[in-house]
Protein chains: 2
Amino acid sequence: MRKLSRYTTIMALSLPFAALAQEKIDAAMMQKIRKEGLENSKVMEIAFNLTDKSGNRLMNSPGYFRAANYAKDALTSWGVSGAKLDPFGEFGKGWELEKSYVAITAPYYKPLLAFPKAWCGGTKGQKSAEVIVISAKDTVALEAYKGKLKGKIIILDQPTDYKHSFKPDAFRYTDEELAKMAAEQPQAPRQAANPADTAAMRRMREQMAARGGGGAARVGALLKEMAKNEGAIALLSSGGVRSHDGTIFAQGGGAYKGTDPENFLDLALGLEDFNTILRLAKSGTPVKMDVDVKTKFYDKDLQGYNVIAEIPGTDPALKDEVVMIGGHLDSWQTGTGATDNASGSAVMMEAMRILKTLGIQPKRTIRIGLWGGEEQGLHGSRGYVKNTFGDISTMQTTPAHAKFSSYFNIDNGTGKIRGIYLQGNAQAKGIFTEWLAPFKDLGATTVTIANTGGTDHQSFDAIGLPGFQFIQDPIEYNQRTHHSNMDVYDHLIEEDLKQIATIVAAFAYNAAQREAKIPRKEMPKPRPAGGRNF
Amino acid sequence: MRKLSRYTTIMALSLPFAALAQEKIDAAMMQKIRKEGLENSKVMEIAFNLTDKSGNRLMNSPGYFRAANYAKDALTSWGVSGAKLDPFGEFGKGWELEKSYVAITAPYYKPLLAFPKAWCGGTKGQKSAEVIVISAKDTVALEAYKGKLKGKIIILDQPTDYKHSFKPDAFRYTDEELAKMAAEQPQAPRQAANPADTAAMRRMREQMAARGGGGAARVGALLKEMAKNEGAIALLSSGGVRSHDGTIFAQGGGAYKGTDPENFLDLALGLEDFNTILRLAKSGTPVKMDVDVKTKFYDKDLQGYNVIAEIPGTDPALKDEVVMIGGHLDSWQTGTGATDNASGSAVMMEAMRILKTLGIQPKRTIRIGLWGGEEQGLHGSRGYVKNTFGDISTMQTTPAHAKFSSYFNIDNGTGKIRGIYLQGNAQAKGIFTEWLAPFKDLGATTVTIANTGGTDHQSFDAIGLPGFQFIQDPIEYNQRTHHSNMDVYDHLIEEDLKQIATIVAAFAYNAAQREAKIPRKEMPKPRPAGGRNF
């Protein structure tokens, strides 16, 4: 999931706000769901199995499959039907760290916490090497370093300033912030965002634009190529401005398709260690390091898999109609993806458990989707949507498209639900307002016309299906856990996860029992580039 | 330096508040000091040399001597006289980490950041071992584990809950907080605290009392003894409630006198890693680890050394009188002691540089003391005071005692000076109020009768000499840097250090030029236990 923005954007809107509908809500069932979700929760047990027990869940890594198989087995054990690992198309290689030891050995010894970026190669045994500082603003300046990289550890002369934390890492939305979201107005229609166009890609484009035609990106790419060709040991990267206090943000180190070669070893450090090495080396003090990194690629099966399971509908007229809940199961590699997105996966599994435990016989089918490959571009949900509902490059849809009610997603960390984003679907406002009413005392009240992006509900939205994501309290998502080594079990908040699972179970139940499907926005236009991966 | 307390205590007071004296302040000199200190500062260069360049400065380690020799040479290069490493008495062994590699290898691979506590032994090569959980509330319960520890890595069943940071790590004193300090009232006289009685010792006593006669402490001690005897590999410790987000607090692992044996390897982890290992092991999942720790002891010279240098006085009647400024130079081992206390050492050196650069010819001698062994009990300053001014066990004093004016200390991190603690010395109130006046615009205004403890000014105070410490903005001292791996150069604030050095230089100058020495409190009573170390 992309970094949270505190300012949401407004999406296409083609219909005026509907007046409040009169939803039929089963108050007794809402009470039962609350009781099961808040008093008999298993959400932390599920989260433990997805994090501590599975390890990181980098797509197609052994940890991903441990978690996927656990999810399949747990759902089955609760009586959820047809749980399976469902192929969504070719993803690429899995990757796993088998050893990482990084230390400064001169001018003195210091062990470092450093994370190889995903899909990088290793060092082929422990190497001792001197650090070389590269000061090059463009590829021409890089020429000066040609022939000097063999056996070296490379650091770019790009320090990241430390900013002391005079604001809290963790916070919840204030009443004022929620009121502002609720008061957002529909904007003029515009094309919905391409679901493959994640924040990471947008940021890269912006950075390339800001640096004049990809100068810095070209420097980085060329430097890695030189480093690999000349036999350098590794590149040191600062994990960026959020990588401080021992928290290190690290993602992928390059391409991972079946035919792609190993990427040159790129080590993410905390900014303090990065800056220390840089200051020392620039002061003329030789810095030596020991590095021993071993990585393993998994390329026997390049297919990607989601986890799918369902509670079949029972109403003869409606049982072929489908309500979905879900979140992505994959994570980055440095932590165990607790808030991104074991939290979302755990609450969705728990919602299914709550509904099965209560023995509900839903009119429509309630299906769970735990998506793979979200972090690399929503691949799992996009593949599932393409295989199941239609192709966004042509907007040709399947019969299942007509029978789909709605999809509800969680992927904003551990914070409890404060409301829901309508993604510009004004007709859903009255419905969701009434559905939230029984949970007002739990802090979930806000319905905003605004759009939120960067995760799997967009895959449904892109083909004209109602796909929603809830508003969650941000807690410390951007500051500490998102794509970092601190995205681990202890950073979850039990009470918040219980609340989320309870409300999601209620929404799934309401959507399954409601007389009509959730109203839809206008069908988007075909997007010929929509099928690309990156 | 001990953890900061937001609530200061009031010390013995034997005299009523003095009326504001009429201090003669050399306004032109104050301006020159400001200009040199704020515009031509070398404080960050000094700090770089004490931190990045020297490494950690654990007492009697090679890093300590690198820093001490740098300080001696830098002071000499600025023209400060007689710079030397000055022995203060027997301290004990030095200790250094030569290798530390710690990783989980089952149920999956994960590299861990873990710090061996100081003065622990190593593993004699890389060891692979299974984790064993010890659940023992008393020594009787420990019996059940006898004979089971050989080749094991031990974890006590004592998780530390993670608390999300809903308050900022960093903060400055508000006007209200400063006003409250300024309004503190003198309290009834009581015996001054024993300078060897640090917060760490008090905490230990409190914990032992709370746990019923040292139960937990006895369990810990006995467990380490069993572990060593049976041939266990290491003990895992949570660094405590502040050890989260990758920040790890770690101090000493046991005794370090020349005759003490190596301590059993005690590894401080962040609470997230500690809890993950504990949860996994308790769930019945075997946890295996690779640990390779090599440590080195330095026992050729057990003597401890301070760094002493001075600007000799020039007034025939006053040149034998001495004003001192200082702070401790030693640090703990996981970071580079940037805020505890390279900051204090750097500003004191910079204050001397400012005064020499301005070519001052002080009436009294201005001497700097950079203390060793503060972290283990103010050993350096206590030894210096004992050797120079007298023995607190008898209160027999030397002639130098009579000729001493005052000592000013910095040891509360990187935050700028907001005022000064009088340590109960009401007669100094008017003097310091006037001395601070030229720096009102820099935020330094508060004079409080209150005492602050835990560092080297107490060694002077204990023998009846005026010893003071400044009030500093806390910034993130307790939350992030104090005794942690994040106590590194990047966490220093340049503007604040410049301000401190400037004000300290002014205070040193004023104390040297003032007609009389700083008035004293009543002489304390002899303290027969005052000489003990721990």
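This is a predicted model: local features need pLDDT of at least 70, side-chain atom pairs count only at pLDDT 80 or more; totals for chains, interfaces and linings use all residues.
## Cysteines

How many disulfides does the structure hold? The count over all chains is 0.

Is C120(A) buried or exposed? C120(A) has a relative accessible area of 0%, so this residue is buried. C120(B) is also at 0% relative accessibility, and therefore counts as buried. The cut-off for buried is under 20% relative accessible area.

## An annotated domain in chain A

An unreviewed UniProt entry lists "domain: Peptidase M28" for chain A.

## N263 in chain B

Where is N263(B) found? N263(B) sits in a loop of chain B. Strand β7 (234–238) lies on one side of that loop, and β8 (266–269) on the other.

N263(B) counts as buried because its relative accessibility is 15%, and the limit is under 20%.

## What N263(B) touches

The side chain of N263(B) reaches two backbone oxygens. The oxygen of W119(B) is at 2.6 Å. The oxygen of A255(B) lies 3.0 Å from a polar atom of the N263(B) side chain.

Which residues is N263(B) in contact with, leaving aside neighbours within four places in sequence? They are W119(B), C120(B), G121(B), K228(B), G253(B), G254(B) and A255(B). That list includes C120(B), the buried cysteine of chain B described above.

Note on methods: Residues are numbered from 1 along each chain as its sequence is written. Chains are lettered from A and ligands numbered from 1 in the order in which they are written. Side-chain values use heavy atoms; hydrogens and water are left out. A disulfide is a pair of cysteine sulfur atoms within 2.5 Å. Buried means under 20% relative accessible area, exposed over 50%, partly exposed in between (1.4 Å probe, protein chains only). UniProt positions are given in the numbering used here, feature names are shortened, and annotations may be inferred rather than shown by experiment. Helices (H or I, at least four residues) and strands (E, at least two) are DSSP runs, numbered from the N terminus. A polar contact is a pair of N or O atoms within 3.5 Å; within protein, one must be able to donate a hydrogen and the other to accept it, and residues adjacent in sequence count only if both atoms are side-chain atoms. Contact means heavy atoms within 4.5 Å.
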